Amino acid sequence: MSKHISAFDTGNLRKTVLDMAFAGSTVHIGCAFSIIELLAVLYRQHLRYPDNDPAAPDRDFLILSKGHGVMAQYACMRELGWLPEEAFSAYFADGSDLKGLSDSRIRGLEVTSGSLGHGLSVGVGMALGAKIKGTDQKTYVIVGDGEINEGPIWEGAMFAAHHQLENFMVIVDENGYQAMGPTKEVIGLGSIRAKFESFGFLAHTIDGHNEAEIDNAIHELWADPSRQPRALIARTVKGKGVSFMEHNNIWHYTRLTAETHTHAVAEVMGDRL
Amino acid sequence: MREAFSTALIQLAQQDPRVILLTGDHGYALFDEFRRVCPNQYINAGIAEQNMVGMAAGLARTGFRPVVYGLSAFIPVRVLEQIKLDVAHDRLPVIFIGDGAGFVYSHLGTSHQSTEDIACARAIPNLQIYSPADAFEMTMCMQAAYQAHASAYLRMGKSDRGLVHAAVPEASSGELLQLKQGKPGALSFIATGSMVRTAMDIASASYADASVWSAPFIKPAEIAQVAAICRNGGPLVTMEEHSIHGGLGSMIAEIASEHCPVRILRIGVKDRFSEHCGTYDYLLKEHGLDRTSIEKQLAEFLSRAA
């Protein structure tokens, strides 16, 4: 594996997503692109997988509760060597394993998600388990801003704060869109940060596409001596990286053609092609 | 039966520190002893059942053996999707206890009455279902559910209908337990939970030749055994404090229709909610589940013999 690939280059990750989506003639590109930098920083700089084992008992836990963005996670897992190459070229082929939503039977994916509002509670349980056992494992749960319409998100938030799960971090992918339109037109969320703070979280807001900012914020959140659970509110762009996809919710549902695939790959790879 | 549950739970928690009890702010007096003996294995997750089940999945994934307690109107019905997706999908070893099943909360109305829980749970792959009839079956079911290391739903209904066993039965998973021997070609009663005692009473009083079986294991079912009972030649009557759709009666009828069709009378809740409130015995009568109503239905069924 070349150094270039193992660095979780975000252009390369986006190309993997585009190639998968084109091969499988599938959707959900926009919501995968909004979390590319978040995942790259987590996998490269924060998540601990001893011996590069996705099932290591003492690993950190990453839960992609917004399972619709799973292609971004597949792209990172490819760089870790956790998935065979044919899984990508044959995405969505009959009898294949990688689904359009996160499935816990794939090593490296902790939960089966896509029905929204589940992953945060599972993550709270994992953080609670780690705390009871006295390990230093961290749990990260990535939720979508649309997803936080779901009630169990707030049930879990209350529990995490009450039980002082300082080993737990929720990362909100605030791309401003949900399936049918802008969040502010569907269920206005107001200040997501203020909501989590009022639930007892220590919260930071960052540009979710600025890798240095993401890295610093995660370090700062963990470094704080408070016993609160952590919340990282990442302001992101749905479809980030491809001009005709950015802020265009149609890419929640649209399939790539040979032409749009070529154009999109050219944009994400720039002069590296 | 509730005491047997509490005792079994405390035993499991004492012998295995991975056992953690989660309750959705229910079980006030029931857990007094557990909290005294195992205070560090008790979590009140608050009035937030969906989160509680998701957390139980997370705890199971980190090596714990969660026991999730709630009223059966909420556990499993309210949290069915969490059970399906977060727990059963990966066969996580979580035991769900649904208390107050059937019409236990007879005065509280539809929200607290639970007659569709078995049907909901049966359709979920990998999920075992237990429905004990008395304190002895409860002890057996708790041990079996723990040893199975599987996702399991244990239904706890009306708990003071009297014993049907003299000791903790020894049975393999799925087995129907014979309480009364019958004659070839005679009627067979198959009942579960609170209705087993009633089945015994009716059979002992009026059907001397009939056999009586208790079904503490709803899923997985011992298909060969059910088929053998069908081959006995007589009609069957199933009895449950649950809807006639999707519960024990459905399960028996499904197996019979494939292996050895016989006439089956399904005694249960006939696709309706309670109209009125009253004592437990009043509600049984409203739904035709009291002894007199059942005897009448049974006599009519037998008089319509094929």
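In chain B, five strands line up as an open sheet in the order β7-β9-β8-β11-β12, and the pairing is mixed. (Two strands pair when DSSP finds at least two bridges between them; helices, H or I of at least four residues, and strands, E of at least two, are DSSP runs numbered from the N terminus.) The edges belong to β7 (177–180) and β12 (264–269) of chain B, each of which pairs on one side only. On average, neighbouring strands here are turned by 20° against each other, direction ignored. Axes are lines fitted to C-alpha atoms, for helices over the stretch in contact, and angles run from 0 to 180 degrees between N-to-C directions.

A word on the ground rules. The model is predicted, with local features needing pLDDT of at least 70 and side-chain atom pairs counting only at pLDDT 80 or more, while totals for chains, interfaces and linings use all residues. Residues are numbered from 1 along each chain as its sequence is written, chains are lettered from A and ligands numbered from 1 in the order in which they are written, and side-chain values use heavy atoms, leaving out hydrogens and water.

Strands β8 (residues 188–191) and β11 (residues 236–243) of chain B run parallel and pair over four bridges; B:Phe189, for one, has B:Val237 in β11(B) as its bridge partner. Across β8, β11 and β12 of chain B lies helix α9 (residues 248–259), which runs at about 140° to β11(B).

Another helix of chain B, α8 (residues 223–231), has B:Gln225, B:Val226, B:Ala227, B:Ile229 and B:Cys230 as its buried residues. (Buried means under 20% relative accessible area, exposed over 50%, and partly exposed in between, with a 1.4 Å probe and protein chains only.) The cover over these buried residues includes β8, β9 (211–214), β11 and α9 of chain B. Helices α8(B) and α9(B) pack with their axes 9 Å apart, at an angle of about 70°. That makes α8(B) and α9(B) roughly perpendicular to each other; angles of 65 to 115 degrees count as such, those under 35 as roughly parallel, those over 145 as roughly antiparallel and the rest as oblique. From α8(B), B:Ile223, B:Val226, B:Ala227, B:Cys230 and B:Arg231 meet B:Ile252, B:Ile255, B:Ala256 and B:His259 of α9(B), where contact means heavy atoms within 4.5 Å. By class, this α8(B)–α9(B) contact splits into seven nonpolar, one polar and one charged residues. (Ala, Val, Leu, Ile, Met, Phe, Trp, Tyr, Cys and Pro count as nonpolar, Asp, Glu, Lys and Arg as charged, and the others, Gly among them, as polar.) After α8(B) comes B:Gly233, with a positive phi near 105°.

Elsewhere in chain B, strand β6 (residues 151–156) is mostly covered, with six of its six residues buried. Both faces of β6(B) are covered: B:Ser151, B:Tyr153 and B:Arg155 are buried on one side, and B:Ala152, B:Leu154 and B:Met156 on the other. Strand β4 (residues 95–99) of chain B pairs with β6(B) in the parallel sense over five bridges, and B:Asp99 has B:Met156 as its bridge partner there.

B:Val77 sits in the loop between β3 (65–71) and α4 (80–87) of chain B. With 25% relative accessibility, B:Val77 counts as partly exposed. Neighbours within four places in sequence aside, B:Val77 touches B:Ser72, B:Glu116, B:Asp117 and B:Cys120. The C-alpha atoms of B:Val77 and B:Glu116 are 7.8 Å apart, although 39 residues separate the two along the chain.

Chain A has an open sheet of five strands too, in the order β1-β2-β3-β7-β6 with parallel pairing. Its edge strands are β1 (61–64) and β6 (202–207) of chain A, each pairing on one side only, and the twist averages 20° from one strand to the next. Four bridges join β1(A) to the parallel strand β2 (residues 139–144) of chain A, with A:Leu62 partnered by A:Tyr140.

Finally, the two chains meet through helices. The axes of α7 (residues 119–133) of chain A and α3 (residues 49–61) of chain B come within 6 Å and cross at roughly 50°, so α7(A) and α3(B) are oblique to each other.
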